[in-house]
Amino acid sequence: MPKHPAKKSFTPHAPGPLNGIRVVDLSRLVAGNVLTLQLADFGAEVIKVEPPEGDTLRSWRVKGVETAWKVYSRNKKSIALDLRSEEGRAIVRRLAASAAILVESFRPGVLEDMGLAPAELHRLNPKLVIVRISGWGQDGRYRHKPGFGTLIEGYSGFASMNGFADREPVLPPMYLADCMAALNGYGAVMVALREVEVNGGTGQVLDLPLFDPLYSMLGPQAANYKLTGEVKVRTGSRSTNAAPRNVYRTKDGRWVCLSASTQGMAERVLAKIGKPELVKDPRFATNIERVRNGVELDRLIGAFIGERDLAENLRYFDEAGVTIGPVYDIAQIVQDDYVLEREALVEIPDAEMGGLPTHPVVPRLSGTPGALKWAAPAIGEHNEMLLEPLLGKAAYTKLCAAGVISKGRKK
(Lines give C-alpha, C1' and ligand atoms only; values in the text may rest on other atoms or scores of the structure.)
Protein backbone atom coordinates (compact mmCIF):
# COMPACT_ATOMS: atom_id res chain seq x y z
CA MET A 1 0.00 0.00 0.00
CA PRO A 2 1.42 3.44 -0.91
CA LYS A 3 2.62 5.58 1.95
CA HIS A 4 1.66 9.24 2.24
CA PRO A 5 3.32 12.27 3.82
CA ALA A 6 1.78 13.81 6.91
CA LYS A 7 -0.97 16.29 6.10
CA LYS A 8 -0.41 19.72 7.61
CA SER A 9 -3.00 22.43 8.07
CA PHE A 10 -2.17 26.08 7.63
CA THR A 11 -1.89 28.19 10.80
CA PRO A 12 -2.32 31.80 9.59
CA HIS A 13 -1.92 33.39 13.01
CA ALA A 14 1.07 31.37 14.21
CA PRO A 15 3.74 33.52 15.86
CA GLY A 16 7.20 33.69 14.38
CA PRO A 17 10.53 35.21 15.39
CA LEU A 18 10.41 37.56 12.38
CA ASN A 19 6.87 38.80 12.99
CA GLY A 20 6.74 42.54 12.36
CA ILE A 21 9.49 42.43 9.71
CA ARG A 22 8.13 43.69 6.38
CA VAL A 23 9.92 42.55 3.22
CA VAL A 24 9.28 44.08 -0.21
CA ASP A 25 10.30 41.48 -2.76
CA LEU A 26 10.81 42.71 -6.33
CA SER A 27 12.86 39.68 -7.35
CA ARG A 28 12.10 37.09 -10.00
CA LEU A 29 12.79 33.38 -10.44
CA VAL A 30 14.70 31.32 -7.87
CA ALA A 31 17.35 33.13 -5.82
CA GLY A 32 15.16 35.93 -4.49
CA ASN A 33 12.19 33.66 -3.93
CA VAL A 34 14.23 31.12 -1.96
CA LEU A 35 15.75 33.91 0.14
CA THR A 36 12.39 35.46 0.99
CA LEU A 37 10.83 32.04 1.57
CA GLN A 38 13.22 31.61 4.50
CA LEU A 39 12.08 34.94 5.90
CA ALA A 40 8.39 34.21 5.29
CA ASP A 41 8.58 30.78 6.92
CA PHE A 42 9.79 32.41 10.13
CA GLY A 43 7.11 35.07 10.25
CA ALA A 44 8.23 37.99 8.11
CA GLU A 45 5.55 39.70 6.02
CA VAL A 46 6.87 39.14 2.51
CA ILE A 47 5.12 41.24 -0.12
CA LYS A 48 5.80 39.93 -3.61
CA VAL A 49 5.60 42.82 -6.05
CA GLU A 50 4.82 41.04 -9.31
CA PRO A 51 4.35 42.42 -12.82
CA PRO A 52 0.81 41.98 -14.15
CA GLU A 53 1.86 38.77 -15.91
CA GLY A 54 3.30 37.41 -12.67
CA ASP A 55 6.73 36.36 -11.42
CA THR A 56 8.66 34.45 -14.08
CA LEU A 57 8.81 31.52 -11.67
CA ARG A 58 5.10 30.96 -12.33
CA SER A 59 5.92 29.88 -15.89
CA TRP A 60 7.76 26.78 -14.61
CA ARG A 61 4.66 24.59 -14.81
CA VAL A 62 4.16 20.84 -14.74
CA LYS A 63 0.89 19.73 -16.35
CA GLY A 64 -0.22 23.33 -16.13
CA VAL A 65 0.43 23.61 -12.39
CA GLU A 66 2.84 26.24 -11.00
CA THR A 67 4.66 23.75 -8.77
CA ALA A 68 7.85 25.79 -8.33
CA TRP A 69 5.85 28.89 -7.41
CA LYS A 70 3.74 26.93 -4.94
CA VAL A 71 6.81 25.51 -3.16
CA TYR A 72 8.89 28.69 -3.02
CA SER A 73 6.19 31.30 -2.44
CA ARG A 74 4.08 29.91 0.38
CA ASN A 75 3.56 32.27 3.32
CA LYS A 76 3.92 35.31 1.02
CA LYS A 77 1.50 37.99 -0.15
CA SER A 78 1.19 39.20 -3.73
CA ILE A 79 0.46 42.56 -5.26
CA ALA A 80 0.71 43.15 -9.00
CA LEU A 81 2.02 46.51 -10.21
CA ASP A 82 3.02 47.92 -13.56
CA LEU A 83 6.47 49.24 -12.65
CA ARG A 84 6.82 50.83 -16.07
CA SER A 85 4.50 53.51 -14.74
CA GLU A 86 5.62 56.23 -12.33
CA GLU A 87 2.50 55.54 -10.26
CA GLY A 88 3.57 51.91 -9.82
CA ARG A 89 7.06 52.90 -8.78
CA ALA A 90 5.63 55.46 -6.35
CA ILE A 91 3.76 52.63 -4.62
CA VAL A 92 7.04 50.72 -4.22
CA ARG A 93 8.58 53.78 -2.58
CA ARG A 94 5.71 53.99 -0.13
CA LEU A 95 6.01 50.29 0.70
CA ALA A 96 9.78 50.58 1.12
CA ALA A 97 9.31 53.42 3.58
CA SER A 98 7.62 51.00 6.00
CA ALA A 99 9.77 47.95 5.26
CA ALA A 100 12.83 46.47 6.94
CA ILE A 101 14.11 44.68 3.82
CA LEU A 102 13.83 45.17 0.07
CA VAL A 103 14.97 42.43 -2.31
CA GLU A 104 15.51 42.93 -6.05
CA SER A 105 17.09 40.96 -8.87
CA PHE A 106 17.06 43.36 -11.80
CA ARG A 107 20.13 43.74 -13.95
CA PRO A 108 22.49 46.26 -12.29
CA GLY A 109 21.43 49.80 -13.10
CA VAL A 110 17.76 49.03 -13.68
CA LEU A 111 16.76 49.96 -10.12
CA GLU A 112 18.47 53.32 -10.62
CA ASP A 113 16.72 53.83 -13.97
CA MET A 114 13.42 53.26 -12.19
CA GLY A 115 14.12 56.01 -9.69
CA LEU A 116 14.51 53.44 -6.92
CA ALA A 117 18.25 53.70 -6.36
CA PRO A 118 19.48 52.71 -2.89
CA ALA A 119 20.29 56.33 -2.07
CA GLU A 120 16.69 57.30 -2.82
CA LEU A 121 15.28 54.40 -0.82
CA HIS A 122 17.57 55.18 2.12
CA ARG A 123 16.45 58.79 1.99
CA LEU A 124 12.92 57.51 2.58
CA ASN A 125 13.95 54.82 5.07
CA PRO A 126 17.49 55.04 6.48
CA LYS A 127 17.17 51.62 8.17
CA LEU A 128 16.20 49.71 5.05
CA VAL A 129 18.30 46.63 4.20
CA ILE A 130 18.50 46.37 0.40
CA VAL A 131 19.45 43.03 -1.16
CA ARG A 132 20.62 43.31 -4.77
CA ILE A 133 20.76 39.91 -6.47
CA SER A 134 22.51 39.65 -9.82
CA GLY A 135 24.64 37.22 -11.72
CA TRP A 136 27.97 39.00 -11.48
CA GLY A 137 27.66 41.85 -8.98
CA GLN A 138 26.80 45.53 -9.04
CA ASP A 139 30.22 46.50 -10.41
CA GLY A 140 32.90 44.97 -12.58
CA ARG A 141 33.16 44.18 -16.26
CA TYR A 142 30.28 41.69 -16.30
CA ARG A 143 27.72 43.71 -14.39
CA HIS A 144 25.70 44.07 -17.60
CA LYS A 145 25.45 40.31 -18.28
CA PRO A 146 22.28 38.33 -17.57
CA GLY A 147 22.39 36.61 -14.19
CA PHE A 148 21.47 33.07 -15.19
CA GLY A 149 22.77 30.42 -12.78
CA THR A 150 23.93 28.20 -15.64
CA LEU A 151 26.59 30.73 -16.63
CA ILE A 152 27.81 30.98 -13.04
CA GLU A 153 27.89 27.20 -12.59
CA GLY A 154 30.20 27.04 -15.59
CA TYR A 155 32.31 30.12 -14.89
CA SER A 156 32.86 29.42 -11.17
CA GLY A 157 34.70 26.15 -11.78
CA PHE A 158 31.88 23.91 -10.55
CA ALA A 159 31.07 22.26 -13.88
CA SER A 160 34.75 21.77 -14.64
CA MET A 161 35.07 19.61 -11.52
CA ASN A 162 31.76 17.79 -11.92
CA GLY A 163 31.37 14.58 -13.91
CA PHE A 164 33.78 12.02 -15.31
CA ALA A 165 37.22 12.61 -16.84
CA ASP A 166 36.29 11.07 -20.20
CA ARG A 167 33.03 12.97 -20.54
CA GLU A 168 31.95 16.59 -20.86
CA PRO A 169 31.75 18.84 -17.76
CA VAL A 170 28.38 18.46 -16.05
CA LEU A 171 26.13 21.29 -14.93
CA PRO A 172 24.01 20.63 -11.83
CA PRO A 173 20.52 19.26 -12.54
CA MET A 174 18.94 21.93 -10.35
CA TYR A 175 19.39 25.65 -9.64
CA LEU A 176 22.50 25.31 -7.49
CA ALA A 177 23.96 28.79 -7.95
CA ASP A 178 20.61 30.43 -7.19
CA CYS A 179 20.02 28.42 -4.02
CA MET A 180 23.55 28.94 -2.75
CA ALA A 181 23.16 32.69 -3.24
CA ALA A 182 19.75 32.66 -1.56
CA LEU A 183 21.00 30.95 1.59
CA ASN A 184 24.10 33.17 1.74
CA GLY A 185 21.85 36.18 1.31
CA TYR A 186 19.51 35.00 4.05
CA GLY A 187 22.42 34.89 6.51
CA ALA A 188 23.68 38.29 5.37
CA VAL A 189 20.22 39.79 5.86
CA MET A 190 20.22 38.58 9.46
CA VAL A 191 23.60 40.27 10.01
CA ALA A 192 22.33 43.51 8.49
CA LEU A 193 19.13 43.41 10.55
CA ARG A 194 21.12 42.88 13.73
CA GLU A 195 23.22 45.95 12.91
CA VAL A 196 20.02 47.99 12.65
CA GLU A 197 18.04 46.51 15.52
CA VAL A 198 20.73 45.74 18.10
CA ASN A 199 23.63 48.02 17.29
CA GLY A 200 21.53 51.03 16.34
CA GLY A 201 23.10 51.21 12.91
CA THR A 202 21.62 52.17 9.58
CA GLY A 203 20.48 50.14 6.63
CA GLN A 204 22.91 49.01 3.97
CA VAL A 205 23.16 47.42 0.54
CA LEU A 206 23.92 43.71 0.15
CA ASP A 207 25.62 43.08 -3.19
CA LEU A 208 24.68 39.44 -3.79
CA PRO A 209 25.85 38.00 -7.11
CA LEU A 210 25.26 34.33 -7.83
CA PHE A 211 28.97 33.92 -8.56
CA ASP A 212 30.50 34.66 -5.16
CA PRO A 213 28.65 32.12 -2.97
CA LEU A 214 29.09 29.20 -5.37
CA TYR A 215 32.75 29.96 -5.98
CA SER A 216 33.38 30.25 -2.23
CA MET A 217 31.94 26.75 -1.71
CA LEU A 218 34.44 25.08 -4.02
CA GLY A 219 37.04 25.05 -1.29
CA PRO A 220 40.81 25.43 -1.53
CA GLN A 221 41.06 24.99 -5.29
CA ALA A 222 43.16 28.12 -5.87
CA ALA A 223 45.49 27.24 -3.00
CA ASN A 224 45.86 23.67 -4.26
CA TYR A 225 46.62 24.93 -7.76
CA LYS A 226 49.29 27.29 -6.42
CA LEU A 227 50.96 24.40 -4.61
CA THR A 228 50.76 21.81 -7.39
CA GLY A 229 50.20 23.62 -10.66
CA GLU A 230 47.57 20.99 -11.39
CA VAL A 231 43.93 21.51 -12.28
CA LYS A 232 41.53 19.27 -10.38
CA VAL A 233 40.33 16.54 -12.70
CA ARG A 234 36.81 15.17 -12.86
CA THR A 235 36.61 11.92 -10.91
CA GLY A 236 32.92 11.09 -11.06
CA SER A 237 31.73 10.15 -7.58
CA ARG A 238 35.21 9.40 -6.28
CA SER A 239 36.86 11.91 -3.97
CA THR A 240 40.36 13.29 -4.39
CA ASN A 241 40.54 13.80 -0.62
CA ALA A 242 39.59 10.40 0.80
CA ALA A 243 39.00 6.82 -0.32
CA PRO A 244 36.96 4.75 -0.61
CA ARG A 245 34.14 7.06 -1.62
CA ASN A 246 31.88 6.24 -4.54
CA VAL A 247 28.57 4.83 -5.72
CA TYR A 248 28.28 1.10 -6.38
CA ARG A 249 25.70 -0.91 -8.31
CA THR A 250 23.85 -3.66 -6.45
CA LYS A 251 22.75 -7.06 -7.73
CA ASP A 252 19.18 -5.85 -8.28
CA GLY A 253 20.27 -2.86 -10.37
CA ARG A 254 20.03 -0.27 -7.61
CA TRP A 255 22.83 1.90 -6.22
CA VAL A 256 24.46 2.58 -2.87
CA CYS A 257 26.82 5.35 -1.85
CA LEU A 258 29.70 4.65 0.51
CA SER A 259 32.20 6.92 2.22
CA ALA A 260 35.10 5.96 4.45
CA SER A 261 36.95 9.21 5.04
CA THR A 262 38.63 8.12 8.29
CA GLN A 263 41.30 5.47 8.71
CA GLY A 264 39.17 3.42 11.06
CA MET A 265 36.21 3.38 8.72
CA ALA A 266 38.35 2.47 5.72
CA GLU A 267 39.82 -0.48 7.63
CA ARG A 268 36.32 -1.57 8.63
CA VAL A 269 35.18 -1.53 5.00
CA LEU A 270 38.13 -3.64 3.90
CA ALA A 271 37.43 -6.15 6.66
CA LYS A 272 33.71 -6.34 5.87
CA ILE A 273 34.27 -7.05 2.17
CA GLY A 274 36.38 -10.00 3.22
CA LYS A 275 39.75 -8.36 2.52
CA PRO A 276 41.23 -7.63 5.97
CA GLU A 277 44.73 -8.29 4.65
CA LEU A 278 44.49 -5.16 2.52
CA VAL A 279 44.79 -3.04 5.68
CA LYS A 280 48.53 -3.78 5.55
CA ASP A 281 48.81 -3.69 1.76
CA PRO A 282 50.96 -0.64 0.82
CA ARG A 283 48.41 0.27 -1.87
CA PHE A 284 45.63 0.69 0.68
CA ALA A 285 47.30 1.16 4.07
CA THR A 286 47.01 4.96 4.11
CA ASN A 287 44.47 7.42 2.80
CA ILE A 288 46.94 8.92 0.33
CA GLU A 289 47.61 5.52 -1.18
CA ARG A 290 43.94 4.57 -1.21
CA VAL A 291 43.15 7.74 -3.18
CA ARG A 292 46.02 6.99 -5.56
CA ASN A 293 44.74 3.44 -6.08
CA GLY A 294 41.08 4.34 -6.03
CA VAL A 295 40.16 2.52 -9.24
CA GLU A 296 41.39 -0.84 -7.93
CA LEU A 297 39.86 -0.20 -4.52
CA ASP A 298 36.50 0.56 -6.11
CA ARG A 299 36.74 -2.61 -8.19
CA LEU A 300 37.12 -4.72 -5.04
CA ILE A 301 34.32 -3.00 -3.16
CA GLY A 302 32.08 -2.92 -6.21
CA ALA A 303 32.50 -6.66 -6.78
CA PHE A 304 31.40 -7.43 -3.22
CA ILE A 305 28.41 -5.08 -3.35
CA GLY A 306 27.43 -6.30 -6.82
CA GLU A 307 26.86 -9.81 -5.49
CA ARG A 308 24.10 -8.59 -3.13
CA ASP A 309 20.87 -6.72 -3.62
CA LEU A 310 20.19 -3.27 -2.18
CA ALA A 311 18.41 -4.39 0.97
CA GLU A 312 21.04 -7.01 1.79
CA ASN A 313 23.89 -4.54 1.31
CA LEU A 314 22.25 -1.91 3.50
CA ARG A 315 21.50 -4.43 6.24
CA TYR A 316 24.97 -5.98 6.18
CA PHE A 317 26.97 -2.75 6.18
CA ASP A 318 24.66 -0.95 8.60
CA GLU A 319 25.07 -3.77 11.12
CA ALA A 320 28.83 -3.44 10.68
CA GLY A 321 28.71 0.32 11.34
CA VAL A 322 29.89 1.19 7.81
CA THR A 323 28.80 4.53 6.37
CA ILE A 324 26.67 3.37 3.46
CA GLY A 325 23.29 4.47 2.15
CA PRO A 326 20.97 4.10 -0.82
CA VAL A 327 21.00 6.39 -3.84
CA TYR A 328 17.34 7.36 -4.05
CA ASP A 329 15.26 9.02 -6.71
CA ILE A 330 12.15 11.02 -5.87
CA ALA A 331 9.85 8.00 -6.34
CA GLN A 332 11.75 6.25 -3.55
CA ILE A 333 12.08 9.35 -1.36
CA VAL A 334 8.31 9.94 -1.18
CA GLN A 335 7.86 6.37 0.10
CA ASP A 336 10.82 6.26 2.47
CA ASP A 337 10.10 5.57 6.14
CA TYR A 338 12.82 7.91 7.43
CA VAL A 339 11.60 10.80 5.29
CA LEU A 340 7.96 10.27 6.23
CA GLU A 341 8.52 9.59 9.94
CA ARG A 342 10.71 12.65 10.35
CA GLU A 343 8.24 14.65 8.24
CA ALA A 344 10.97 15.88 5.95
CA LEU A 345 8.19 15.68 3.36
CA VAL A 346 4.74 16.96 4.25
CA GLU A 347 1.55 17.69 2.37
CA ILE A 348 -0.11 21.09 2.59
CA PRO A 349 -3.53 22.10 1.29
CA ASP A 350 -3.66 23.04 -2.39
CA ALA A 351 -6.73 23.91 -4.42
CA GLU A 352 -5.40 22.47 -7.70
CA MET A 353 -3.62 19.35 -6.50
CA GLY A 354 -5.72 18.55 -3.45
CA GLY A 355 -2.51 18.41 -1.48
CA LEU A 356 0.97 19.73 -2.32
CA PRO A 357 3.89 17.51 -1.26
CA THR A 358 6.72 19.80 -0.17
CA HIS A 359 9.45 20.35 2.38
CA PRO A 360 8.47 21.75 5.79
CA VAL A 361 10.06 24.79 7.39
CA VAL A 362 13.84 24.33 7.38
CA PRO A 363 15.75 24.47 9.67
CA ARG A 364 13.86 23.32 12.76
CA LEU A 365 14.20 25.64 15.76
CA SER A 366 13.12 24.36 19.16
CA GLY A 367 12.27 27.74 20.67
CA THR A 368 11.22 29.92 17.74
CA PRO A 369 9.98 27.59 15.01
CA GLY A 370 8.62 28.75 11.71
CA ALA A 371 5.13 27.93 10.49
CA LEU A 372 3.13 27.05 7.39
CA LYS A 373 0.66 29.93 7.31
CA TRP A 374 -0.94 29.92 3.87
CA ALA A 375 -0.51 28.77 0.31
CA ALA A 376 1.42 30.65 -2.36
CA PRO A 377 -0.73 33.58 -3.52
CA ALA A 378 -2.46 34.21 -6.81
CA ILE A 379 -1.20 37.19 -8.82
CA GLY A 380 -2.34 40.34 -7.04
CA GLU A 381 -4.27 38.39 -4.42
CA HIS A 382 -3.44 40.91 -1.71
CA ASN A 383 -3.82 44.11 -3.72
CA GLU A 384 -6.85 45.34 -1.85
CA MET A 385 -5.64 44.22 1.58
CA LEU A 386 -2.30 45.99 1.28
CA LEU A 387 -2.83 48.86 -1.13
CA GLU A 388 -6.25 50.28 -0.40
CA PRO A 389 -5.26 51.25 3.20
CA LEU A 390 -1.98 52.65 1.85
CA LEU A 391 -3.49 54.72 -0.97
CA GLY A 392 -7.05 55.36 0.08
CA LYS A 393 -10.10 53.88 -1.65
CA ALA A 394 -10.46 56.52 -4.35
CA ALA A 395 -6.81 56.42 -5.43
CA TYR A 396 -6.76 52.62 -5.24
CA THR A 397 -9.83 52.33 -7.47
CA LYS A 398 -8.39 54.81 -9.97
CA LEU A 399 -5.05 52.98 -10.25
CA CYS A 400 -6.83 49.64 -10.67
CA ALA A 401 -8.86 51.10 -13.51
CA ALA A 402 -5.71 52.47 -15.12
CA GLY A 403 -3.99 49.06 -14.96
CA VAL A 404 -1.24 50.27 -12.62
CA ILE A 405 -2.57 47.83 -10.04
CA SER A 406 -3.48 44.52 -11.63
CA LYS A 407 -5.16 41.22 -10.83
CA GLY A 408 -2.92 39.57 -13.37
CA ARG A 409 -2.94 39.10 -17.09
CA LYS A 410 -1.80 36.33 -19.38
CA LYS A 411 1.70 36.56 -20.84
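Modeller: In helix 1, the buried residues are Val30, Ala31, Gly32, Asn33, Val34, Leu35, Thr36, Leu37, Gln38, Leu39, Ala40 and Asp41. Buried means under 20% relative accessible area, with exposed over 50% and partly exposed in between (1.4 Å probe, protein chains only). That is 12 of the 13 residues of helix 1, so the helix is mostly covered. This is a predicted model: local features need pLDDT of at least 70, side-chain atom pairs count only at pLDDT 80 or more, and totals for chains, interfaces and linings use all residues. Residues are numbered from 1 along each chain as its sequence is written, and side-chain values use heavy atoms, leaving out hydrogens and water.

Helix 1 runs over residues 29-41. Helices (H or I, at least four residues) and strands (E, at least two) are DSSP runs, numbered from the N terminus. From first C-alpha to last, helix 1 reaches 18 Å, close to the expected 18 Å. The expected span is 1.5 Å times one less than the number of residues. Just after helix 1, Gly43 has a positive phi of about 110 degrees.

Now the core. A nonpolar core is a set of buried Ala, Val, Leu, Ile, Met, Phe, Trp, Tyr and Cys residues joined through side-chain atoms within 4.5 Å. The largest one has 49 residues, and Leu35 and Leu39 are among those with the most contacts inside it, as is Val23. Helix 1 is one of the elements that give two or more residues to this core. The largest share, 10 residues, comes from helix 8. Beyond its neighbours within four places in sequence, Val23 is in contact (heavy atoms within 4.5 Å) with residues including Thr36, Leu39 and Ile101.
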